[in-house]
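Please read them alongside the sequence and the coordinates.

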Amino acid sequence: MLIDAPLPAGYRFRQLTADDHQAVLEIDAWAFPSSGSLEDAARSASPLTWERAVGIEADGSDDGTLVGHHASYPFSRFPVPGGELPTAGLTWVGVHPQHRRRGLLTAMIDLHLARCRERGEALSALFAAEYPIYGRFGYGRAASDVRVTLRRGAALRDVPGAAEHTVRVEHASRERHGDLVAGVHRAAGAAPGGLPGVNRPGWATRETEALRTAYWNDNPAFRRGLESRRIVVVERGGEPRGYATFRRKLDWTHTGTEGTAHVGEVVALDAAAARALWGVLLDLDLMTETRPFLLAPDDVLTQLLVDPRAAGPQLVDNVWVRVVDVPTALAGRRYAADVDVVLGVRDAHLPDNAGAWRVRASAFGEASCERTDAAPDLELDVRELGAAYLGGVSLAALATAGLVTERAPGALAPASAAFGWPVAPVCSWVF
Ligand SMILES: CC(C)(COP(=O)(O)OP(=O)(O)OC[C@H]1O[C@@H](n2cnc3c(N)ncnc32)[C@H](O)[C@@H]1OP(=O)(O)O)[C@@H](O)C(=O)NCCC(=O)NCCS
């Protein structure tokens, strides 16, 4: 079915269905080169929600062949500071190299944002394959994660209760661990470290059956020389308190062995469980180093390591956020301090987001956002609003870079404090 939405001449949008699985894999392989074969890829079920997948056909292309595509995941409860909002997780964006830089991505983003509006999704979020792509469309880097390389036996501070856990190290399987992983993951996002009242913004869950199936499908063709997925589960009092997934790779050298443990999600319900998990991950036989992925900058590991500097921490952009509907988004989160501020927002793509918005909230309480004729206290582009939205990038920091302008003297510091959040945003998996 064709979709009537603007595109450069010679191209047309087509609504994709499950029958397009192969065509999507083909265009995806053009956009993201991989040594894996399409046949291998096709053996895995698609993670896509097909009614949210759109292809582009070109005049003169073979029937059914795509030259571009995009899709989104339905995050009906995407965590924002102090709440959850329906959000579109933009994904599987690609354009064939022969058709690049002709405006196809620009047209796809326009369609994506229009459909977010129709579906009542006030936010769109994504992981960016390349940093410079999405800012022009109003997406701001809203979260970072920290990458570290840990030597085997890296010292950790003690946490009372850590030794009381029983540890299981097993092949990861959906039958055995699916419910456990989903339950612990959700609880850890709702109350990181077991702290009540402060959720982890950006902590998206794998909400659809297709996403869960894709997550647990450990296709050997895509292991890049690593072993199949393993899992550590720590339990206390017979209850799961945390899990970590990992895959090892071992090389034999003339002096012995070089092993790397590549760690996926490390999710714990409190510090003792986290300490128990890291104790296992940092002492795997034959492994010289352990490499976790997508840790929040304030992850408990950064406090437990005796020498975090030795782990060579690097900050990498994590989730990007696009505010699609300013009043719904700003009223739909909570604020870390009382606030009453008028934001002057610029938005070149969605003009009805532009203008003055009055945001009022009490600390950690209800918030409102209304259009106003009052003069803005602060002015910013919607891209910067997206960057600040999850509470991980301060309005003041953006102002020091000239990206937020304080029109009412004294307005910036209190608004910046209110837009912050006690827990850093992060998403624990790439979507
Ligand atoms: C990224 C990609 C989708 C862009 O598609 P495209 O159709 O070439 O994009 P457009 O022609 O609409 O470009 C719009 C603007 O973005 C810029 N742009 C696009 N891709 C860019 C990139 N990778 N880096 C920097 N700028 C980029 C273009 O130069 C253009 O700028 P202009 O408006 O100033 O002329 C395409 O290059 C691609 O498939 N890349 C490989 C896969 C990938 O990275 N996908 C994104 C997954 S998150």
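1. Is helix α6 (residues 271–281) mostly covered or mostly uncovered? Eight of the eleven residues of α6 are buried, so the helix is mostly covered; a residue is buried if 20 or more other C-beta atoms lie within 10 Å of its own, exposed if 12 or fewer, and partly exposed in between, with C-beta atoms placed from the backbone. Helices (H or I, at least four residues) and strands (E, at least two) are DSSP runs, numbered from the N terminus.

2. A word on the basis of these notes. This is a predicted model, in which local features need pLDDT of at least 70 and side-chain atom pairs count only at pLDDT 80 or more, while totals for chains, interfaces and linings use all residues. Residues are numbered from 1 along each chain as its sequence is written.

3. The buried positions of α6 are Ala 272, Ala 273, Ala 274, Arg 275, Ala 276, Leu 277, Trp 278 and Leu 281. They pack against the strands β10 (166–171), β11 (230–236), β12 (239–253), β13 (256–268) and β14 (289–291), and against helix α7 (300–304). Contact here requires the C-beta atoms of two residues, placed from the backbone, to lie within 7 Å.

4. The largest nonpolar core has 121 residues; such a core is a set of buried Ala, Val, Leu, Ile, Met, Phe, Trp, Tyr and Cys residues joined through C-beta atoms within 7 Å. Leu 123, Ala 142, Ala 268, Leu 277, Leu 281, Val 321 and Val 323 have the most contacts inside this core. Helix α6 gives the largest share of the core, seven residues. Beyond residues up to four places away in sequence, Leu 123 touches Phe 78, Leu 85, Thr 87, Val 321, Arg 322, Val 323, Val 324 and Ala 329.

5. Leu 156 sits in the loop between β9 (150–151) and β10, and counts as partly exposed because it has 18 C-beta neighbours inside 10 Å. Leaving aside neighbours within four places in sequence, Leu 156 is in contact with Arg 275, Trp 278, Gly 279, Leu 304, Leu 305 and Val 306. Asp 283 is in the loop between α6 and β14; with 12 C-beta neighbours inside 10 Å, Asp 283 counts as exposed. Not counting residues up to four places away, Asp 283 touches Arg 152 and Gly 153.

6. On overall form, the protein has eleven helices and 21 strands. Its radius of gyration is 23 Å, close to the 22 Å that the globule rule gives for 431 residues, so the protein is as compact as a globular protein of that length; the radius is taken over C-alpha atoms, and the rule is 2.2 Å times the number of residues to the power 0.38. The C-alpha atoms fill a box of roughly 65 × 60 × 40 Å along the principal axes. Buried residues make up 43% of the 431. Of the contacts between residues at least 6 apart in sequence, 73% join residues at least 24 apart.

7. An automatic or database domain assignment divides the protein into domain 1 (2–121), domain 2 (146–316) and domain 3 (320–419). The C-alpha centres of domain 1 and domain 3 are 30 Å apart. Ten residues of domain 1 are in contact with eleven of domain 3. On the domain 1 side, β5 and α3 give two or more residues each, and α3 has the largest share, four residues.

8. Which elements give two or more residues to the shell around the ligand? There are 18 residues around the ligand, and the closest are Arg 100, Leu 104, Leu 105, Thr 106 and Ala 129; a residue is near if its C-beta atom, placed from the backbone, lies within 6 Å of the molecule. The elements are β5 (83–95) and α3 (104–119).

9. Two backbone angles deserve a look. Trp 92, in strand β5, has a positive phi of about 50° although it is not a glycine; with 22 C-beta neighbours inside 10 Å, Trp 92 counts as buried. Arg 101, in the loop between β5 and α3, has a positive phi of about 60° and is likewise not a glycine. Arg 101 counts as exposed, because it has 8 C-beta neighbours inside 10 Å.
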